[in-house]
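I opened a new notebook page for this chain. My notes follow the order in which I looked things up.

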Amino acid sequence: MPTTNLLNALALFSLIPAAAIPLRQGAGRDNAFWACIALAVAGPSAWSAHLLWGAWSTGLGTTLWVSIAASALLFALFAARTQSGWRLAPLLMPYLLVLGFLASAVRVEAPPLSAAAPQVWVDVHIVVSVLTYALLTLAAVASLAVFLQERALKRKSPTRLTRMLPAVLESETMAGRLLVASEVVLGLGLATGMATQFLESGHLLRFDHKILLSIVAFVLIGLLLTGHRVCGVRGRLAARVVLMAYLLLTLAYPGVKFVTQVLN
């Protein structure tokens, strides 16, 4: 097996324990949990570093692996600093594992990123974009937990999965905080993107699919946050809006790469 295939397989397999251990009987934030989460952070992070060694690659597979590594790392920090954040693992970690399989299947060769703007602007924009997607991934998972919990309560039939997840109020609180952070960082990402675009072409905006979808997601999140403060929008309606914003951002970043690199 070539070295790259072996490293990719190790990164993929490192996600499996973290996807499985929250489902065990009597799961908790114990040493076994942290060991699996540490492995889920280390594997994708090491593989992403290998893929990016020397220059930032624009390939879809690399983008997905970097997103997986960032989301796993952010989740580990979030789980350590919040009382119930670790309970999102049954939703998040299997999702990251699915993304890992997808990233492994679409290892499309793509040229390194080249830009006329100063490298520092490009680097800042990339870091902010990755952080935005990781934050909104966690916000979407917390919102999905709200949706599932409220549906189980309405039907008066909790499932094994909903018993593992945070309570509705806890999930709403986490989703709200993550959404505020996502909106701030997404706004910063749009600003750095416009600055990079201006330095490259002299124009602030280039209205392509990525920019338009990102702006719509930014506006949608802003409207939700305003509606929550003014009208008390919450529950499943708010969860649907967050999931829609996450879908838009997914279409803006890996989605556009999938169309241009895989379908074309």
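**A helix pair, then the rest**

I began with H3 and H4, whose crossing is left-handed. The model is a predicted one. I noted the residues that make the contact. From H3 they include Phe33, Trp34, Ile37 and Trp47. From H4 they include Trp65, Ile68, Leu73 and Phe75. I then sorted the contact by class: 18 residues are nonpolar, 3 are polar and none is charged.

Next I looked up the geometry. Two packed helices are described by the angle between their axes and the distance between the axes. Helix H3 spans residues 31–51 and helix H4 spans residues 60–81. They pack at an angle of about 150°, and their axes are 8 Å apart. H3 is therefore roughly antiparallel to H4, as angles over 145 degrees count as such.

I moved on to lysine 156. It sits in the loop between helix H6 (119–155) and helix H7 (160–164). Is its phi positive or negative? I found a positive phi of about 55°, although lysine 156 is not a glycine. Most residues other than glycine have a negative phi. I also checked its accessibility. Lysine 156 counts as exposed because its relative accessibility is 75%, and the cut-off for exposed is over 50%.

Last, I stepped back to the whole chain. I counted 10 helices and 0 strands. Of the 264 residues, 48% are buried. The chain exposes about 13,300 Å², with 69% of it supplied by carbon and sulfur atoms. I took contacts between residues at least 6 apart in sequence, and 79% of them join residues at least 24 apart.

Definitions and conventions. Residues numbered from 1 in each chain as written. Predicted model: local features only at pLDDT ≥ 70, side-chain atom pairs only at ≥ 80, totals over all residues. Heavy atoms only, no water. Axes fitted to C-alpha atoms, helices over the stretch in contact; angles between N-to-C directions. Helix = DSSP H or I, 4+ residues; strand = E, 2+ residues; numbered from the N terminus. Parallel < 35°, antiparallel > 145°, perpendicular 65-115°, else oblique. Left-handed = near helix turned anticlockwise from the far one by under 90°. Contact = heavy atoms within 4.5 Å. Nonpolar A, V, L, I, M, F, W, Y, C, P; charged D, E, K, R; others polar. Buried < 20%, exposed > 50% of the residue type's maximum accessible area, 1.4 Å probe, protein only. Areas by Shrake-Rupley, 256 points an atom, 1.4 Å probe, with all protein chains shown as cover.
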